[in-house]
Amino acid sequence: MTIEEIFSTPIFLAPMAGVTDAAFRSIVRELVDEPYRKNLLMFSEMVSSNGIHFRNDKTLEMLQVAEEEKPIAIQIFGSNPKICAEAAEFVEGLGSAAVIDFNLGCPAPKVVKNGDGSALMKNPALVGEILSAVRKATRLPFSVKMRLGFDENLNAAEIARVAENSGVDFITVHGRTRQQFYSGAANWEEIAKVKAAVKIPVVANGDVRDFDSLDKILAVTKADGVMVGRGAQGNPFLIGSLLKYFHTGKKNPPPNFIERAEIMRRHLDKLISFKGEYIGVREMRKHAAWYTKGLKGGAELRNKFNRAETAADFLNIIATSG
């Protein structure tokens, strides 16, 4: 996949642990209009380089990609340059990834504690070593996702220049620091500074939930693309709607309950087909909470979904709601 092809559909689904698995990715792609579906790039949940190195079964399961999900960017994380490079080479060898993405943004304590994710932004020299090693290990397009900084030291522009000099093809910047986690408003003005600091494409990420916020983030950041994360939780329609709006100016109406219910059924079915009924039903509970957020009687619905034990339970709740 070329950079031109990647940015021909410049609205991307963010990598979100526990959310953007194969089931969710395939649902999102189904809901994108045909003209934009072919080159729509979505990102996997982050995959441990160490897990790949040790051939961990759960890690390898996360690398399984169905044909209908392609093209996909596989996001890896780690802090050992040699092992990260080995992971990138392994992923490329599987033949399913269109892009290798590297995580410099995860704020999770268990990730940061190991010196991975956003913790790496405190060490630009190590970032350079890792990214250079990964660049040498793969011929695929290579991207990086970062935050504005680890704390109040907003060094994203510095890290972006390191990435560019290391051969990275494009950069995604989440407009918050690690210290913020997901609180407060995303700082789009700081993303604009990153865009101005490098010549490679920059993707802006943070607080894009509708047509208005898409217009605003592009106007402020001058970014080459936009990545949507939490706004897509419970709203897999959003990516397709934003792409259509970006290209045509036409706004799809928000999905009604009948449309949401049908997608929930399909989502549950895909989760079960990928993970079995026991795990699929339990993972669907959190998605159901997002699907029903803001709906009249949503709290009662969420209580029912959280008690669902089987697919039949779930489907009955959906059928008797609305």
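1. Ile239 sits in helix H12 (residues 238–248); helices here are DSSP runs of H or I with at least four residues, strands are runs of E with at least two, and both are numbered from the N terminus. Leaving aside neighbours within four places in sequence, Ile239 is in contact with Ile11, Phe12, Leu13, Val28, Val32, Leu40 and Val228, where contact means heavy atoms within 4.5 Å. Ile239 is buried, with a relative accessible area of 0%. Buried stands for under 20% relative accessible area, exposed for over 50%, and partly exposed for what lies in between, with a 1.4 Å probe and protein chains only. The C-alpha atoms of Ile239 and Thr59 are separated by 27 Å, the two residues being 180 apart along the chain.

2. On the basis of the model: it is predicted, local features need pLDDT of at least 70, side-chain atom pairs count only at pLDDT 80 or more, and totals for chains, interfaces and linings use all residues. Residues are numbered from 1 along each chain as its sequence is written, and side-chain values use heavy atoms, with hydrogens and water left out.

3. Overall form. The protein has 16 helices and nine strands. Its C-alpha atoms fill a box of roughly 55 × 45 × 35 Å along the principal axes. Of the 322 residues, 56% count as buried. Among contacts with a separation of 6 or more, 72% are between residues 24 or more positions apart.

4. Nonpolar cores. A nonpolar core is a set of buried Ala, Val, Leu, Ile, Met, Phe, Trp, Tyr and Cys residues joined through side-chain atoms within 4.5 Å. The largest has 78 residues, and within it Phe102 and Met146 touch the most other members. Not counting residues up to four places away in sequence, Met146 touches Leu104, Gly105, Met121, Ala156, Ile159, Ala160, Ile171, Thr172, Val173 and His174.

5. How do helix H13 and helix H16 run relative to each other? The axes of H13 (residues 257–275) and H16 (residues 311–319) come within 10 Å and cross at roughly 175°. Axes are lines fitted to C-alpha atoms, for helices over the stretch in contact, with angles from 0 to 180 degrees between N-to-C directions. H13 and H16 are therefore roughly antiparallel, a term for angles over 145 degrees, while under 35 counts as roughly parallel, 65 to 115 as roughly perpendicular and the rest as oblique.

6. The H13 and H16 contact in detail. Phe257, Ala261, Met264, Arg265, Leu268 and Ile272 of H13 meet Ala311, Phe314, Leu315, Ile318 and Ala319 of H16. These residues divide into 10 nonpolar, no polar and one charged. Nonpolar covers Ala, Val, Leu, Ile, Met, Phe, Trp, Tyr, Cys and Pro; charged covers Asp, Glu, Lys and Arg; the others, Gly among them, are polar.

7. Lys270 is placed in H13 and is buried, with a relative accessible area of 16%. Leaving aside neighbours within four places in sequence, Lys270 is in contact with Ala23, Ser26, Ile27 and Glu30. Helix H2 (residues 22–30) is mostly covered, with eight of its nine residues buried. Those buried residues are Ala22, Ala23, Phe24, Arg25, Ser26, Ile27, Val28 and Arg29.

8. Backbone points to check. Lys70 and Pro71 are joined by a cis peptide bond with omega of about 5°; Pro71 is in the loop between helix H5 (57–62) and strand E4 (72–77). Arg55, a residue other than glycine, has a positive phi near 55°. Arg55 is in the loop between helix H4 (49–53) and H5 and is partly exposed, at 40% relative accessible area. Lys222 is not a glycine either, and has a positive phi of about 60°. Lys222 is in the loop between helix H11 (211–221) and strand E9 (225–228) and counts as exposed at 56% relative accessibility.

9. Two further loops. Arg139, between helix H8 (124–137) and strand E6 (142–147), is exposed, with a relative accessible area of 77%. Arg139 and Asp151 are 12 residues apart in sequence and 33 Å apart in space, C-alpha to C-alpha. Ser183 lies in the loop between strand E7 (170–174) and helix H10 (188–197) and is partly exposed, at 41%.
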